[in-house]
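Here's a quick tour for anyone meeting this chain for the first time. Have a look at the model, then read on.

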Amino acid sequence: MTSETINATAAGTWKLGDLTVNRLGFGAMRLTANADGGPSDRHRAIAMLRRAVELGVNHIDTASFYFSSLRSANELINTALAPYADDLVIATKVWAGRDASGDWCWASPPQIRGQVEENLRQLGRDHLDVVNLRVPRSKATGSVAEHFGALAELREAGLVRHLGVSNVSPAQLAEARAIAPVVCVQNACAVGVPREEHEFIAACGEQGVAYVPFFAIAGRGREAGSVGTEHDPVLTVARAHGVSPAQVRVAWTLGLGPHVLAIPGTGDPAHLEENVAAGALRLTEEDMALLSGVPHV
């Protein structure tokens, strides 16, 4: 496939509320820093965002806490893409945050509005398309009602168009949906995900809720990125299709269901085109079965 024929539309579409997005999107987390932890090249990051849109990407996932010593993902997005195209959907997240020194902090319900406003300022917008409530790991079994209720009030006020939840259990999704409509769930999910998460993915589809995995390529590497070694089933499928292991992981994500969206992130322009090209890769039932044998880590 040549670069001229690569387009995110090949992955198909899904609706986040009334917003139609191509199922192959872009995650902005890796825009701000190089692999060695130093600040990214600003001009390259801006050019890559513009190239993503040229390739049909119209769903970008970001957060105000995606920043390094010199770079802010939201500011890069604003510089590269404003004034924004009518069909571009930008999703961000709150509850999680980082202070000026970079240390993690978690907002109280009254502070949720300040986090939303921070995203608005950085992105240069008067409303946010989608805001996910990112639940801390310490609240894995706790109530999200108070924080989600605060976010739902901002939807009623017109600052937020649609709501999502992130890092949640099925019970927390149900709790949130009883307060206000939820258009998406963002959970960590990659090849080797346990059976319980597969069941949750299916349940989201039945409820018309998009499922948006993060760390789909990184897998057990998580924030650090993909690990150096790859599982044999992934390598076997990659060889069979003549593609990279990362492309197999993106295609596996999309193969989980029509409501599943991929948001692979990268700081490398070559990897961007590779990831978008994976939207056209269709894995067989045999491929998916083989990949289901990858152990959960």
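## Contacts along the chain

Take the contacts (heavy atoms within 4.5 Å) between residues at least 6 apart in sequence: 74% of them join residues at least 24 apart.

## What you're looking at

This is a predicted model, where local features need pLDDT of at least 70 and side-chain atom pairs count only at pLDDT 80 or more, while totals for chains, interfaces and linings use all residues. Residues are numbered from 1 along each chain as its sequence is written, and side-chain values use heavy atoms, leaving out hydrogens and water.

As for pLDDT (the predictor's confidence in each residue, from 0 to 100), the chain's mean is 93, and 94% of its residues reach 70 or more. Residues 221-225 stay under 50, and the model gives that stretch 12 contacts beyond four places in sequence.

## Overall build

You'll find 10 helices and 11 strands here, taken as DSSP runs numbered from the N terminus (helices are H or I, at least four residues; strands are E, at least two). Along its principal axes, the C-alpha trace spans about 50 × 45 × 35 Å.

Of the 297 residues, 53% are buried, meaning under 20% relative accessible area with a 1.4 Å probe, protein chains only (over 50% is exposed, in between partly exposed).

## A closer look at Asn119

Asn119 sits in helix H3, which covers residues 112-123. Its relative accessibility is 0%, so Asn119 counts as buried. Leaving aside residues up to four places away in sequence, Asn119 touches Ala63, Ser64, Asn74, Thr92, Lys93, Val94 and Leu128.
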